[in-house]
Amino acid sequence: MRKVTALTLKRLWQFLDPACKVQRRLFELLSYLSQERVLKSGTEKMAGEAHPYVPQDLKLPGFVPIFLSQSHIVGVYGLSSFLVVLFMWILSGFVPKISKTDRVLMCWWIFTGLTHMVLEGYFVFTPDFYKKTTPVYLAEVWKEYSKGDSRYVGRDAGVVSVEGITAVVEGPACLLAVYAIAAKKSYRHVLQIAICLGQLYGTAVYFITALLEGDNFASSPFYYYAYYVFANHFWVWIPTLIVIHCWKKICAAVKVHEQKTKTR
């Protein structure tokens, strides 16, 4: 009887064991598919999360929210800009017979030149910056700034064109102006006027096109005045002052030259 029972149980186990293995495999497969579904759902939720920009129906496929805080983004930019200006102020002190005005101009040109080339250059050549799934600082800067002007994240053709010229042409020209001032090149004043006119023209196009399109690209009044107005107003009055300064220098040089010519 025991042999029969043992034999029966053995045959029953041999019969059920494959079924149990299949069941385990099926359970493992369902568990795996469930985990994949959760991960996919989480990724789609993160990538498809509603953006904070205006208009709200702006299409940004694959948008990933900002990782860094506003204080982090602004703080890093402010500190790095201060260090660049400080470095140039110290370095310009070693230039013989240079005025404080020229030292300040060298600080401005190195700051604005690197801003054009690094910051704006990244925007121009990285159209998918809003899709970055890791906290890339430069991408975070433009995600944040776009709260004040959504034309950036929306890749407005006019904005991209202006920023492209600024980054590729005016950026290197600013660095050339630093060298020209330090080396006291004869073309330094003409070069500075040319760059300033380019900056003023670009800024005018930037603001005028926004007005013509309704001037409604900011997420809130705070971002409008903090980013769109305040962050850009430096490129209005500083280039204007530089144009006036260089214009006077050129006029004075021409006047001296004419007087020398008359006395001969």
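## The second largest pocket

A pocket here is found on a 1 Å grid over the protein atoms alone, as an open set of points with protein on both sides within 12 Å along at least five of seven lines, and lining residues have an atom within 4 Å of a point. As for volume, it is the space filled by probe spheres set on the points, with grid points joined across faces, edges and corners. Of the 13 residues lining the second largest pocket, Tyr77, Ser80, Ser81, Leu114 and Val118 sit closest to its centre.

Helices are DSSP runs (H or I, at least four residues), numbered from the N terminus. By class, this lining has 10 nonpolar, 3 polar and no charged residues. In this count, Ala, Val, Leu, Ile, Met, Phe, Trp, Tyr, Cys and Pro are nonpolar, Asp, Glu, Lys and Arg are charged, and the others, Gly among them, are polar.

## What kind of model this is

You're looking at a predicted model, in which local features need pLDDT of at least 70, side-chain atom pairs count only at pLDDT 80 or more, and totals for chains, interfaces and linings use all residues. Residues are numbered from 1 along each chain as its sequence is written, and side-chain values use heavy atoms, with hydrogens and water left out.

## The largest pocket

Now for the largest pocket, with a volume of about 930 Å³. It is lined by 39 residues, and the closest to its centre are Tyr77, Tyr145, Ala231, Asn232 and Trp235. Tyr77 also turned up among the residues closest to the centre of the second largest pocket.

Helix 7 has the largest share, 8 residues. Sorted by class, the lining of the largest pocket comes to 21 nonpolar, 13 polar and 5 charged residues.

Rolling a probe the size of a water molecule over the atoms shows where empty space is left. A cavity is a set of grid points where a 1.4 Å probe fits but cannot get out. This structure holds 1 cavity of 30 Å³ or more, and the largest cavity has a volume of about 40 Å³.

Which residues line the largest cavity? They are Gly148, Asp149, Ala210, Asp215, Asn216, Phe217, Ala218, Tyr224 and Tyr228. By class, that is 5 nonpolar, 2 polar and 2 charged residues.

## How the helices pack

Two packed helices are described by the angle between their axes and the distance between the axes. The axes are lines fitted to C-alpha atoms, for helices over the stretch in contact, and angles run from 0 to 180 degrees between N-to-C directions. Helix 3 and helix 5 pack at about 150°, with axes 7 Å apart, so helix 3 and helix 5 are roughly antiparallel. In words, angles under 35 degrees are roughly parallel, over 145 roughly antiparallel, 65 to 115 roughly perpendicular, and the rest oblique. The contact of helix 3 with helix 5 has 19 nonpolar, 7 polar and 4 charged residues.

Helix 3 and helix 7 pack at about 140°, with axes 12 Å apart, which makes helix 3 oblique to helix 7. Helix 6 and helix 7 pack at about 150°, with axes 9 Å apart, which makes helix 6 roughly antiparallel to helix 7.

UniProt, in an unreviewed entry, lists residues 74–95, 107–125, 164–183, 190–212 and 224–247 as "transmembrane region". Its positions are given in the numbering used here, feature names are shortened, and annotations may be inferred rather than shown by experiment. In the model, residues 107–125 are 100% helix and 0% strand (a strand is a DSSP run of E, at least two residues), and their end C-alpha atoms lie 26 Å apart. Residues 190–212 are also 100% helix and 0% strand, with end C-alpha atoms 33 Å apart.

## Two spots in the loops

Check the loop between helix 1 (2–47) and helix 2, where Pro55 is found. A cis peptide bond joins Val54 and Pro55, with omega of about 0°. Over in the loop between helix 2 and helix 3 you'll find Lys97. Lys97 has a positive phi of about 55°, although it is not a glycine.
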